[in-house]
Amino acid sequence: MRDVSIIGIGQTPVSEHWDKSLRHLAADAVLAAVQDAGIGRVDALYVGNMLSGEIAGQEHLGPLIADFCGFRGVEAFKIEAACASGAAAVHVGYVAVAGGLADVVVVVGVEKMTDEAGAVVTGSLALAADGDYEVPHGLSLVAINALLMQRYMYEYGLRHEDFANFAIVAHQNAINNPNARFHSALTLERFSSAPTIAEPIGLMDASPIVDGAAAIVLCPTEQARGFTPSVRILASTVVTDCLSLHDRQSLLRLEAAEYSARKAYRQAGVELKDIDFFEYHDAFTIMAALSLEACGFAEPGKGTLLARDGEIALDGRIPVATMGGLKGRGHPVGATGVYQVVEATQQLRGHCGENQLPQPRLGMTQNIGGSGATVATHILEASE
Amino acid sequence: MGIPQFWRLQRQTYRLVGEMCGRCGSKIFPPRDLCPECSQPAYEPYTFSGRGEVYSHTTVHMPPEGYEENAPYAVALIRLEEGPLVTAQLTDVSPDEVEIGLPVEMVTRKIREFGEDGIIVYGYKFRPVLERVI
């Protein structure tokens, strides 16, 4: 196994890109990352995407995007793992470089969601759930998260307002991210008065439906010395759980997130306390709480206390969503996992402007597919 | 989703037929052919009573395409009295009367239609347990 480093990053603004097709969006991110790395050759291209077939009417993204970016002939294919497609693609890129099969790998996450109307997108996202036993009963992914949140609030005696700070912090951090979907602060009043999508989930608990693409360039760390500032991938793990909520051993414990994080700490040879910031999967505020608990930052049922006490703010004990997270930056599903890695790299390079943390050494990202059935965790380290 | 899918699922969706593990006796729903408790093959059919209680619930206000007709509708995780959780819609109840712990029972209802010429899909929903008249 070879050590792997990130030598280039690129991203498009997260927005409603009606003027760009999926291939153009992907190419914008890929070419930005290739230019950032300053490389001329690519051995393989891996594409993280969930909904291209359903929404853009296009599958077979590997050759499409490789050719469109000028890499005709390279190994290229799509990786699908619902909302965790992006980080799963990063994992495949990591494995290819670590295993010695490729020296220069581009990973791009791309999603175009706004070409279709709400009910179609809602139906497409529901494909992440069980097609025999959840979807036919009219469940959306929001409803599935609502079932989690309802039970969580019941067991731990919480109110809806207790989750507000996850969304407020995300919006605050997004203000200084030029690529974020939202640049407006969120107040508790606006959080509480937002329309309900599926009780207890309101509009401000949920990340927005958007378009976007993000890309990274990977190479062996020993070849990355000339590329400064490079960032090393210390851990890359993917863990799965039962697809549907009703089959889970314990509803309120995201076991895949727990094992994925624990495996990542072991792989990286680091401890929880060494992690300087956490790009978590706040697709819904309940996922933010469950992810913090699964990774060990909070005891079960105590995730919302971190938000309440300001510990997840940029100057808190464990800063999260430092560039806005899924709620503030936006959640272009199959691209999100790559955005997280791009933003963690920005932090470790010291390029986050107003949102820059003071000399972070270790950043962790966690990308969650469906209601927790696929979880991919990465730990990144700043170069010396 | 096509007609063969609903045909394959008919025993589960019309009668709540799952499986029982021949080794440890676990009742399994949805059927999965491998006991989640002891990992042994489990093919023996088991018909659930259809009684249980609401474990968690929500109301869908923004439904996926094809489910708009009945929105808003209540969905729930039901803890069946034999142990497993099942995901289903609630019926014969106002969404604001639903609470965790509510005793419910299975009924067969229309789930959705596929347009004027398409099939009508029936399956299980759960309603609050009716008080006995006699």
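Predicted model: local features only at pLDDT ≥ 70, side-chain atom pairs only at ≥ 80, totals over all residues.
**Exercise 1. At roughly what angle do the axes of H4(A) and helix H13 (residues 333-349) of chain A cross, and within what distance do they come?**

Residues are numbered from 1 along each chain as its sequence is written, while chains are lettered from A and ligands numbered from 1 in the order in which they are written.

*Step 1.* Know your elements: helices (H or I, at least four residues) and strands (E, at least two) are DSSP runs, numbered from the N terminus.

*Step 2.* Know your axes: they are lines fitted to C-alpha atoms, for helices over the stretch in contact, and angles run from 0 to 180 degrees between N-to-C directions.

*Step 3.* Read off the values: the axes of H4(A) and H13(A) come within 5 Å and cross at roughly 60 degrees.

*Step 4.* Under 35 degrees counts as roughly parallel, over 145 as roughly antiparallel, 65 to 115 as roughly perpendicular and the rest as oblique. So H4(A) and H13(A) are oblique to each other.

*Step 5.* Look at who meets whom, with contact meaning that C-beta atoms, placed from the backbone, lie within 7 Å. H4(A) brings A:Ser85, A:Gly86, A:Ala87, A:Ala88, A:Ala89 and A:Val90, and among their partners in H13(A) are A:Gly334, A:Thr336 and A:Gln340.

*Step 6.* Sort them by class. Ala, Val, Leu, Ile, Met, Phe, Trp, Tyr, Cys and Pro count as nonpolar, Asp, Glu, Lys and Arg as charged, and the others, Gly among them, as polar. The H4(A) and H13(A) contact holds eight nonpolar, six polar and no charged residues.

**Exercise 2. Describe how H1(A) packs against H3(A).**

*Step 1.* Helix H1 (residues 22-37) and helix H3 (residues 61-68) of chain A have axes that come within 9 Å and cross at roughly 55 degrees. That makes H1(A) and H3(A) oblique too.

*Step 2.* Find the handedness. A crossing is left-handed if the near helix is turned anticlockwise from the far one by less than a right angle, and right-handed if clockwise. H1(A) passes H3(A) in a right-handed crossing.

*Step 3.* Spot the residues: A:Arg23, A:Ala26, A:Ala27 and A:Val30 come from H1(A), and A:Leu64, A:Ile65 and A:Phe68 come from H3(A). By class, that is six nonpolar, no polar and one charged.

**Exercise 3. Is H4(A) mostly covered or mostly uncovered?**

*Step 1.* Check the length. The expected span of a helix is 1.5 Å times one less than its number of residues. H4(A) (residues 85-98) has 14 residues and reaches 20 Å from its first C-alpha to its last, close to the 20 Å expected.

*Step 2.* Apply the cut-offs: a residue is buried if 20 or more other C-beta atoms, placed from the backbone, lie within 10 Å of its own, exposed if 12 or fewer, and partly exposed in between. Eleven of the 14 residues of H4(A) are buried, so the helix is mostly covered. Among them are A:His91, A:Tyr94 and A:Val97.

*Step 3.* Peek past the end: just after H4(A), A:Gly100 takes a positive phi of about 85 degrees.

**Exercise 4. Which residues does A:Val238 contact beyond its neighbours within four places in sequence?**

*Step 1.* Locate A:Val238: strand S8 (residues 231-240) of chain A. A:Val238 counts as buried because 22 C-beta neighbours lie inside 10 Å.

*Step 2.* List the contacts: A:Ala88, A:His91, A:Ser260, A:Thr374 and A:Ala376.

**Exercise 5. Compare the positive phi angles of A:Ala82 and A:Gln359.**

*Step 1.* Neither A:Ala82, with phi near 50 degrees, nor A:Gln359, at about 45 degrees, is a glycine.

*Step 2.* A:Ala82 sits in the loop between strand S3 (75-79) and H4 of chain A, and A:Gln359 in the loop between H13 and strand S10 (362-369) of chain A.

*Step 3.* A:Ala82 has 23 C-beta neighbours inside 10 Å and counts as buried, whereas A:Gln359 has 9 and counts as exposed.

**Exercise 6. Where is the cis peptide bond at B:Pro30, and in which loop does B:Pro30 lie?**

*Step 1.* The bond joins B:Phe29 and B:Pro30, with omega about -10 degrees.

*Step 2.* B:Pro30 lies between strand S2 (27-28) and strand S3 (44-47) of chain B.

Note on methods:
Contact = placed C-beta atoms within 7 Å.
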